Protein chains: 2
Amino acid sequence: MTTLRDQRVTIVGGGMGGLASALVLRRQGAQVTLFEHAPAFGEVGAGIQLGPNATRILGEWGLLDEVIARGYRPENLVLKDAITGEVLTKQSLGREFVERYGAPYVVIHRSDLHAILLEAAEREGVELLVDSHVQGIDDDGDGVVVTLADGRTHRSDAVLAADGLASLTRDRIVGDAPVASGYVAYRGTLPETRGHGNDVVAWLGPRCHFVQYPIRRGEMLNMVAVFQSPAFLRGETEWGGVDELDAAYEACSPEVKEAVQHLWRDRRWPMFDREPATTWGDGRVTLIGDSAHPMLQYLAQGACQALEDAHSLDVLAARTPGDWPATFGALADLRQPRTARVQRTARVWGEIWHVDGVARVLRNELLEQRDVEDYRYLDWLYGRGVGEPAAQDAEDRRALLTEEAAR
Amino acid sequence: MTTLRDQRVTIVGGGMGGLASALVLRRQGAQVTLFEHAPAFGEVGAGIQLGPNATRILGEWGLLDEVIARGYRPENLVLKDAITGEVLTKQSLGREFVERYGAPYVVIHRSDLHAILLEAAEREGVELLVDSHVQGIDDDGDGVVVTLADGRTHRSDAVLAADGLASLTRDRIVGDAPVASGYVAYRGTLPETRGHGNDVVAWLGPRCHFVQYPIRRGEMLNMVAVFQSPAFLRGETEWGGVDELDAAYEACSPEVKEAVQHLWRDRRWPMFDREPATTWGDGRVTLIGDSAHPMLQYLAQGACQALEDAHSLDVLAARTPGDWPATFGALADLRQPRTARVQRTARVWGEIWHVDGVARVLRNELLEQRDVEDYRYLDWLYGRGVGEPAAQDAEDRRALLTEEAAR
């Protein structure tokens, strides 16, 4: 496609959102330069879950076969109570699920997904530059000039800032700060699945949860433990340390307590998001992915929403080729309500996952009574066409859990 | 019946439980003397709800026609959200309900139910004495001597202490103290139903609720408002004053806020219960009704459980006539697990009624998804034969909401 042949686009940040955006714009003919701050491309972390809203897009881009080949297709999503170990509800990811949403549920190592996107961008001819710390982004009327820390400058017609949670560009455009959730994640992988089975299993406990699933064609077991830091609640600046890890799972079932022993203890992920922003862009510059809508991970949608952003960008850039303020305005109009909803709903589900006392009784009852064919909490997120504004309709009332909780 | 013709029984307290116990024992031929502390028999309060577990018993005693004639049969139990006014769930009390439980749901003015029991006890020849403050209950081997504040003494073969929440007899037998819930009730009646309709409606709000239903053949509207006292939470000894009433409903729908204006403001009921007791009796002396198992009102079971006590007493006294330690031992064995469960479950439902935040979202979802023909939360309470130990079975797992919440 040559729609954007005369356009030069700069991408700041080589994570999932930056690579995906680079890929789709390059495929329309744009000259795309991507600056990555780090000395090499790569992803830290362990497994990542891709709902059908993301795999549908990867399919359109021709990348799904490779994602499936390097990842794993779990049979079920299973929620268990972390204290009793009892199954609360189970969502089959089999044929009915795939037919309903038009794509499979896939789990994959983050580094594998990142590599697939990176290789695709390379194949298409995206200019990929590491060790490139963008310090300034200035629109001089004719275009946007990006200034790097080493003094290099780079002129282009548009800039996409895919610089993540701690986005410097967001500081200028929105001016808000990340919000600490007080929860911290520990991750880990094991080179065998230790009889785990074929499911994504999440154990929900008071102020903690634990998730486990196979990745790499089932040859590796992925684990993540997320808990509320007592030190954070005491107002301390250092929080979520390894000293808090074991105590957080003290009340949990033996199975969970044992599994927690196998997490990496030398690295942790304190969890932050931000309030939904109403402005993402400024003329020829826009935020995209996590910089636009950083979210808690309770719906496993961080990377998925970045892929949705890139997918919408692809469609919209073709409608108004070269008119970047129009493209970016339309992108924010389309994507802001959707991503704000995912951000807010992720917070609510985080609360739901971590309740104690009578709220835990209510949650367990609600999940245990759930019909296995009840898709009311999934359709708004995974349904076809839900990236479109028309989907923000009355049928999606269930997802307004968010708004009700915020009252 | 003359099973107990040679037996003399003393009842301490002329509330629902005392009168009902007096009635059943007198009908078996016992000479029954009932001492009431107050200068006259009567009941303070407004409406009372009688589930089918209570009306089934009133039917057996031949009193149900009169209860229905003086009371009201509502069409539905309706739960609404107090903030939005939205209906959360509705339980029809029509033919299916009546057939399932073998008796109707009736609401009635407390004073009307009390009068029906009092008149029945009088008709049967129970000796009813007011202004009688029982100070001592002493088993001297031949029988029990009750000593009154004015020096009178009264000898009998057995004593039932139906002296309510603040029972002096319980002080001696159990030695525990009432537990303040921090919630207070305001009640009221209006001489017209003001378009309320035919239902028992409960509006559930954060830290408050409001209930409204017709009584006296639909000629009177009964109201009760229950809310958590901020003064109690601050540790003050005076709590639940009228100054806290309006503020407690500030966030509620206009309908609720308006209705609260019509409550009596010169009287309030701070709500207490006690922990379930494992011992109710001491030889020829037993607690019965509220003295044995005072409960919060969230299942509307205080009077109903006192009637169940009297019904079981009736059956058990006929099995071991005159052997009061055996009768009272069997009564406690039969009734303690059941009433302890009602006490605990009432606390849990109180929590559920008053939740805020994400727990409110979960509660509303659970209630909104409830099938109108789903009786899982009612069978354990209203089902036939549930007063029997055999009913404490696996089928009643749902009622174990209590035990789960207590973990």
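Student: What are the percentages of helix and strand over residues 8-313 of chain A, and how far apart are the end C-alpha atoms?

Tutor: In this predicted model, residues 8-313 of chain A are 27% helix and 32% strand, with the end C-alpha atoms 15 Å apart. The UniProt record, an unreviewed entry, places the feature "domain: FAD-binding" at these residues.

Student: What makes the sheet of seven strands in chain A an open one, and which strands stand at its edges?

Tutor: The order is β5-β4-β13-β14-β15-β12-β16 in chain A, and the pairing is mixed. At the edges stand β5 (87-92) and β16 (269-273) of chain A; each has a single partner strand, so one side of each is left without a neighbour in the sheet. From one strand to the next, the twist averages 20°.

Student: How do you know that β4 and β13 of chain A are paired?

Tutor: Two strands pair if there are at least two bridges between them. Strand β4 (residues 76-81) and strand β13 (residues 200-205) of chain A have five bridges, in the parallel sense; therefore they count as paired.

Student: Which strands does helix α12 of chain A lie across?

Tutor: Helix α12 (residues 357-369) of chain A lies across β4, β5 and β13 of chain A, and runs at about 40° to β5(A).

Student: How do α12(A) and helix α12 of chain B pack, in angle and in distance between axes?

Tutor: The angle is about 35° and the axes are 9 Å apart. The crossing of α12(A) and α12(B) is left-handed. Among the residues of α12(A) that meet α12(B) are A:Ala359, A:Leu362 and A:Leu366; those of α12(B) include B:Ala359, B:Leu362 and B:Leu366.

Student: Why is helix α2 of chain A called mostly covered?

Tutor: A residue is buried when its relative accessible area is under 20%. Seven of the nine residues of helix α2 (residues 52-60) of chain A are buried, including A:Asn53, A:Arg56 and A:Leu58. The helix α2(A) is followed by A:Gly62, whose phi is positive, near 80°.

Student: Why is strand β13 of chain B said to be largely enclosed?

Tutor: Six of the six residues of β13 (residues 200-205) of chain B are buried, so the rest of the structure largely encloses the strand. B:Val200, B:Ala202 and B:Leu204 point one way, B:Val201, B:Trp203 and B:Gly205 the other way, and all are buried.

Student: In which sense does β13(B) pair with β14 of chain B, parallel or antiparallel?

Tutor: β13(B) and strand β14 (residues 208-215) of chain B pair in the antiparallel sense over five bridges. The bridge partner of B:Val201 in β14(B) is B:Gln212. The hairpin of these strands has two residues between them, and B:Arg207 takes a positive phi near 60° there. With strand β4 (residues 76-81) of chain B, β13(B) pairs in the parallel sense over five bridges, and B:Asp81 stands opposite B:Leu204.

Student: What makes B:Cys252 buried?

Tutor: The limit for buried is under 20% relative accessible area, and B:Cys252 has 8% relative accessibility, so it counts as buried. B:Cys304 is also buried, with a relative accessible area of 0%.

How values were computed: Residues numbered from 1 in each chain as written. Chains lettered and ligands numbered in written order. Predicted model: local features only at pLDDT ≥ 70, side-chain atom pairs only at ≥ 80, totals over all residues. Heavy atoms only, no water. UniProt positions renumbered as here; feature names shortened; annotations may be inferred. Helix = DSSP H or I, 4+ residues; strand = E, 2+ residues; numbered from the N terminus. Axes fitted to C-alpha atoms, helices over the stretch in contact; angles between N-to-C directions. Contact = heavy atoms within 4.5 Å. Buried < 20%, exposed > 50% of the residue type's maximum accessible area, 1.4 Å probe, protein only. Left-handed = near helix turned anticlockwise from the far one by under 90°.
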